[in-house]
Amino acid sequence: MRINCAFLAALTGINEDWFANWSDAHSGQEATMRTNETPHYDTSVNTTGCCPKFNPGGWDDQELHFRDKPFVRAVTHSVMHVPVNMGSVFARVNRHIDDAGASAEGQSIVLSRDLSPWSSEHLFSVSKPVPEEVMTTLSGDFVTKVFEGPYSQARQWHEEMQQVARDRKLEPGDVYFFYTTCPKCAEAYGKNYVVGVAALG
């Protein structure tokens, strides 16, 4: 039986979505994602002053359905897939999102993928247009999988995401990754969670 999320939210002041995701993660039930919705991004624990400690509950094996979902698009430089200026680009984009009041509260996700060994694309979910940044939209159906481990496993994770799509009798499309914490915060928290997000063809 599902817990009364609204009651607990009113009682504790904690976002209702947090209880819903906790209930789904501990009951064996999958949360049904509404169009343009993502699993709740829990920011309640932050001991680094940088990235919140990622709560993977509710993020694994989800189907996401995007229809013209708005994102800020940014591109970073790499050297043989190793990021060069990701920190400065992310800082700029997040500052502009905050200045515009466009943060997707509780629905934050940044979808990243390599365009080549020399550049990567990053899509920042937002609630409205952000001045000084490039806006785009994303449509399609996607499936998620939570990974934990070093970034060096990214190639293996990419292959696993393609197989997840094939297991659903669908051809895999673009594969994105949501890097939930920066390297320093991952080290501080002792876990490096990465969410794979594969488009379903």
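I call a residue buried under 20% relative accessible area, exposed over 50%, and partly exposed in between (1.4 Å probe, protein chains only). Strands are DSSP runs of E, at least two residues, numbered from the N terminus. This is a predicted model, where local features need pLDDT of at least 70, side-chain atom pairs count only at pLDDT 80 or more, and totals for chains, interfaces and linings use all residues. Residues are numbered from 1 along each chain as its sequence is written, and side-chain values use heavy atoms, with hydrogens and water left out.

**Entry: burial of β4.** I checked residues 119-125 and found seven of the seven buried, so β4 is largely enclosed by the rest of the structure. In a regular strand the side chains alternate between the two faces of the sheet. Here S119, E121, L123 and S125 point one way, while S120, H122 and F124 point the other.

**Entry: neighbours.** Which strands pair with β4? I count two strands as paired if DSSP finds at least two bridges between them. β1 (residues 63-79) runs antiparallel to β4, with seven bridges joining them; A74 has H122 as its bridge partner. β3 (residues 110-116) is also antiparallel to β4, through six bridges, and V110 is partnered with F124.

**Entry: the turn.** I followed the chain from β3 to β4 and found a hairpin, joined through two residues. W118 lies in that loop between β3 and β4.

Key:
Helix = DSSP H or I, 4+ residues; strand = E, 2+ residues; numbered from the N terminus.
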